[in-house]
Each structure stands twice: as structure tokens, then as C-alpha cells.
Amino acid sequence: MNRLAKMNDPLRPDHVAQVLEQWQRQRPDLDCSPMGVVGRLARTARLLGDGINARFKEFGLTPTEFDILATLKRSGEPLTPTELYQTLMLSSGAMSIRLEALVKRGLVERVPSAEDRRSNRVSLTEAGEELIDEAVTAHVANEAALLKPLDEQEQAQLAGLLQKWLLAHE
């Protein structure tokens, strides 16, 4: 059995399998099996993103707002705007705009730094704590539901393979 055939379940081909079959007919000399992996990862990322973002929307949050609140929650302490934008890979301007929106909604507050009067730290308000606790609980349940087609062993195997790939490329 060739590499292409092993990558596809012949009983139920997905969209990527159909694309690979077309390439096999048009370019039998070319091993397109990498397209199978990369194409499926790209489609998976889009579908996961859609499912995850829909859940954030239920809480009135954008993905970036969720990330800011979640970062503040898991850090366990106030962070500077610089620490936040470096962690989330945003520009300082983009972070300032998003923080201001979260301040206006009463979800975060800026607290003057005790060490440097020109600086401040960002912390969750009580309303922000409550919202992110609810949202992250729903988020984890949503992720579990999205991964339901895979059993625990398959999820662990996939996580390990993705970790290996990320370590080689990050």
C-alpha cells in the first residue's frame, strides 16, 4: 500500500483525500502526501477556530479579549501592558486599544505600579474574574467536545506529534 493510500480511509474520503486523488491522477510522478498532512491541519485549524470563536462570542468576547483575560487569570498577578502584548504577540498599540475597551466594560483595571509611577499594571476586576472563570470553563468543555471523535489515547498521541513538530519549528 503506498503512502497516499495509507493516509486516507477509502471507506470515507474527506475533502483532502479527494484533492490528493486528483493530484495522483494529474501528477502520478509527484508524492503529494505532505499535502495530506498540511491540508488537514489547515482545515482542522479553521474548523477548530470557528467552533472556539463561536463559544467566545456567547460570552461577548473576541478571541483576543479572551486571551487577555485568560492570561491575566492564569498569571495569578497583575501584568504590565508590555508583558501582556509580548505574551500575546500583539503590538503595543493594539494592546492599548483592547485594554481600553476592557477597562470601559469593567473587566480589567489599570493599577499604578509601586516601583515606577510612569508605569501601571493591569488586573482583572471582580466582573472580569467571574466572566473569565465562566468562559474558560465553557471553553475547556467546548474543546473536549471538539476533540470527541478521538479517544484519549489518540488525543495524547496527536498532542505528542504536534508538540514534536512545534519544537522543531518554533
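## The annotated domain

The UniProt annotation "domain: HTH marR-type", taken from an unreviewed entry, covers residues 34-167; UniProt positions are given here in the numbering used for this model, feature names are shortened, and annotations may be inferred rather than shown by experiment. In this span the end C-alpha atoms lie 19 Å apart, and its make-up is 72% helix and 7% strand, where helices (H or I, at least four residues) and strands (E, at least two) are DSSP runs numbered from the N terminus.

The model is predicted, with local features needing pLDDT of at least 70 and side-chain atom pairs counting only at pLDDT 80 or more, while totals for chains, interfaces and linings use all residues. Residues are numbered from 1 along each chain as its sequence is written, and side-chain values use heavy atoms, with hydrogens and water left out.

## Overall build

The protein has eight helices and two strands, and from the N terminus on its elements follow the order α-α-α-α-α-α-β-β-α-α. Its radius of gyration is 21 Å, well over the 15 Å that the globule rule gives for 170 residues, so the protein is more spread out than a compact globule; the radius is taken over C-alpha atoms, and the rule is 2.2 Å times the number of residues to the power 0.38. Taken along the principal axes, the C-alpha atoms fill a box of roughly 65 × 30 × 25 Å.

Of the contacts with a separation of 6 or more, 49% are accounted for by residues 24 or more positions apart, a contact being heavy atoms within 4.5 Å.

## Surface and burial

Buried residues make up 24% of the 170 residues, where buried means under 20% relative accessible area, exposed over 50%, and partly exposed in between (1.4 Å probe, protein chains only). The accessible surface comes to about 11,900 Å², of which 56% belongs to carbon and sulfur atoms, as computed by the Shrake-Rupley method with a 1.4 Å probe.

Arginine 121 is found in strand E2, which covers residues 120-124, and it counts as partly exposed because its relative accessibility is 27%. Leaving aside neighbours within four places in sequence, arginine 121 is in contact with Pro78, Leu79, Thr80, Glu83, Glu109, Arg110, Val111 and Glu115. Glutamate 21, by contrast, is 100 residues apart from arginine 121 in sequence and 55 Å apart in space, C-alpha to C-alpha.

## Residues in and beside the helices

Glutamine 26 lies in helix H2, which spans residues 15-26, and with a relative accessibility of 61% it counts as exposed. Between glutamine 26 and aspartate 14, twelve residues apart in sequence, the C-alpha to C-alpha distance is 19 Å.

Towards the other end of the numbering, lysine 148 is found in the loop between helix H7 (126-146) and H8, and this lysine is exposed, with a relative accessible area of 68%. The C-alpha atoms of lysine 148 and glutamate 21 are separated by 28 Å, the two residues being 127 residues apart along the chain. Glutamine 155 is found in helix H8, residues 152-169, where its relative accessibility of 27% makes it partly exposed; not counting residues up to four places away in sequence, glutamine 155 touches Leu147 and Leu150.
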